[in-house]
Structure formats: structure tokens, C-alpha cells
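Please open the model in your viewer, with the sequence panel beside it, and follow the stops below in order.

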Amino acid sequence: MNDLPPCPPAECPALPAGFAIRPARFTDAAAIFHRIKAYPDELVPRPISEIMLNIDRFLVAVDPADQVIGTVAWSVLPELDPQALPSVEIQSLTVRHEDRRRGLGRALVARAMERIARLHARQVIVLTFTPPFFASLGFEVVSKEQLLYKLFQGCMKCAKYTSPFTCPEVAMARQLAPL
Ligand SMILES: CC(C)(COP(=O)(O)OP(=O)(O)OC[C@H]1O[C@@H](n2cnc3c(N)ncnc32)[C@H](O)[C@@H]1OP(=O)(O)O)[C@@H](O)C(=O)NCCC(=O)NCCS
């Protein structure tokens with residue numbers, strides 16, 4: 001079931017017994033949709049059709065019954081400089097409320113970071129309401145101005161805030177060494 005390569009132990013905590021993180025499948029799309037929708041204040045909702053189109057950029061955490069209890073996705077951001085390596089945004093990170101604080105969120109991000117590092121991306125960024133969680137994973141706060149041209153696609157579609165500068169989400173980044 002879990003066909004991901006081993007995660008470096010220093011980065012990736014042990015999962016609770018019977019839980020696993022695996023690449024998402026088309027059959028997980030509805031469950032992913034509901035996991036994201038469960039956090040309307042923290043996450044941008046995504047239509048099932050869009051989840052299906054990007055299913056190869058999702059990992060899921062599953063419980064012993066293979067029920068999806070967590071999700072993470074990534075998106076390659078536009079890069080204007082042909083000499084520069086692209087940045088990648090972590091998106092749609094969720095852990096079911098009753099399974100929070102068991103290391104699953106950290107493990108999902110670590111697995112996603114490993115996949116992204118294999119692409120030789122320059123950095124991973126995130127817009128978040130939980131800076132302490134991402135700080136514990138090596139992310140540092142960066143100015144939105146610095147990232148705006150990369151984030152503009154997402155911000156252009158945002159119907160929650162009038163401007164990226166009134167949006168309370170904090171921009172954070174972690175530089176990557178290629179695997
Ligand atoms: C953020 C989220 C994914 C974390 O998942 P999790 O499985 O609870 O995280 P972990 O158990 O791996 O937490 C690891 C550490 O991160 C920190 N942390 C976790 N959640 C935190 C939160 N909400 N606020 C501050 N610190 C947090 C803690 O230091 C925690 O260690 P501790 O439990 O020993 O104190 C989860 O709370 C969630 O789904 N939140 C709602 C959606 C969301 O905000 N997603 C992120 C959008 S960018």
C-alpha cells in the first residue's frame with residue numbers, strides 16, 4: 001500500500017500504529033474533497049474536478065482501515081527567470097481533527113518535501129495560519145512582496161480577502177538542497 005521510499009528518520013516522525021502515508025488515487029478524490037472542506041477557515045476549498053486533475057500532486061494519510069484522515073498537495077509556481085529553479089507551494093494540508101497532534105501533519109509535510117526535493121525545486125513556500133507548525137519544520141517567515149509574482153495565480157482567484165496584503169495568512173519558505 002505504501003509505495004513511497006523511506007523518509008529520512010530525522011525529518012519524518014514514526015506514524016501511529018497501522019497508519020500510513022501513500023500517494024493519492026483517483027478513488028480518494030471525494031475523501032480529499034471532504035477533508036479540505038472540513039477546514040473552511042484555514043484552507044481554500046477545491047472542487048473534486050480540480051483534485052482529480054492534480055491527484056498526482058497529492059499524498060494522503062490513511063488509518064488502519066485505509067480511510068483518508070489527512071492530505072497534503074503541492075503546486076509548481078510560475079517562474080519568470082529561465083535561469084532560476086521554480087518554487088513549489090505546499091497546499092491543502094489537513095489532518096482529521098481527532099488525529100491531530102499525533103505527528104501526522106509533520107509526516108505529511110516531510111513526505112511532500114521529499115517528493116518536491118526530487119524535482120530540484122529551489123524552495124518550498126506556504127501561506128499559513130499556523131506559523132509555529134511550519135517553523136518547527138524549518139520554514140522561515142518571508143515577505144509577501146517577495147513572493148507575490150509567484151503567488152499571484154492563487155491570490156487572483158481568492159474570494160476571501162480583498163488583497164494579499166489584508167490576508168492574514170503568513171508567507172513562509174524553506175530552501176531546498178536537491179536530493
Ligand atoms: C496544521 C495541521 C496539519 C497540523 O497537523 P498535526 O497532525 O496536528 O501536526 P503534528 O502532530 O505533526 O504537530 C507537530 C508539531 O507542530 C506544532 N503544531 C501542530 N499544530 C499546531 C497548531 N495548530 N498551532 C501551533 N503549533 C502546532 C506542535 O509543536 C506540534 O508538536 P506537539 O504536538 O508536540 O506540540 C493540523 O492542525 C490541521 O489540519 N489544521 C487545519 C488545517 C490547516 O491549518 N492546515 C495548514 C494550512 S497551511
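Where is the place of histidine 120? Select histidine 120 in this predicted model, and you will find that residue in the loop between helix H3 (104-117) and strand S5 (123-128). Its phi is near 60°, a positive value in a residue other than glycine. Histidine 120 counts as exposed because 12 other C-beta atoms lie within 10 Å, and the limit for that class is 12 or fewer.

Now move to serine 92, whose place is in strand S4 (residues 87-95). Here too phi is positive in a residue other than glycine, with a value near 50°. Is serine 92 buried or exposed? Serine 92 counts as buried, because 21 C-beta neighbours lie inside 10 Å and the cut-off for buried is 20 or more.

Next, colour the whole sheet, which is open and has seven strands in the order S1-S2-S3-S4-S5-S7-S6, with mixed pairing. Strand S1 (20-23) and strand S6 (140-141) stand at the edges, and each has a single partner strand, so one side of each is left without a neighbour in the sheet.

With the sheet still displayed, show the helices that lie across it. Helix H1 (residues 29-37) lies across strand S2 (58-62), S3 and S4, and runs at about 90° to S3. H3 lies across S1, S2, S3, S4 and S5, running at about 155° to S4.

Which residues are the closest to the ligand? Select Glu42, Arg100, Gly105, Arg106 and Thr128, which are the closest of the 20 residues that surround the ligand. When you extend the selection to the shell, note that S4, H3, S5 and helix H4 (131-135) each supply at least two of its residues. By class, this shell has nine nonpolar, six polar and five charged residues.

Finally, zoom out to the whole protein, whose secondary structure comes to five helices and seven strands, running from the N terminus as β-α-α-β-β-β-α-β-α-β-α-β. The C-alpha trace spans about 45 × 35 × 30 Å along its principal axes. The radius of gyration is 16 Å, which agrees with the value near 16 Å that a compact globule with 179 residues would have. Of the 179 residues, 31% count as buried.

Terms used: Residues numbered from 1 in each chain as written. Predicted model: local features only at pLDDT ≥ 70, side-chain atom pairs only at ≥ 80, totals over all residues. Helix = DSSP H or I, 4+ residues; strand = E, 2+ residues; numbered from the N terminus. Near = placed C-beta within 6 Å. Nonpolar A, V, L, I, M, F, W, Y, C, P; charged D, E, K, R; others polar. Rg over C-alpha atoms; globule rule 2.2 N^0.38 Å. Pairing = 2+ DSSP bridges. Contact = placed C-beta atoms within 7 Å. Axes fitted to C-alpha atoms, helices over the stretch in contact; angles between N-to-C directions.
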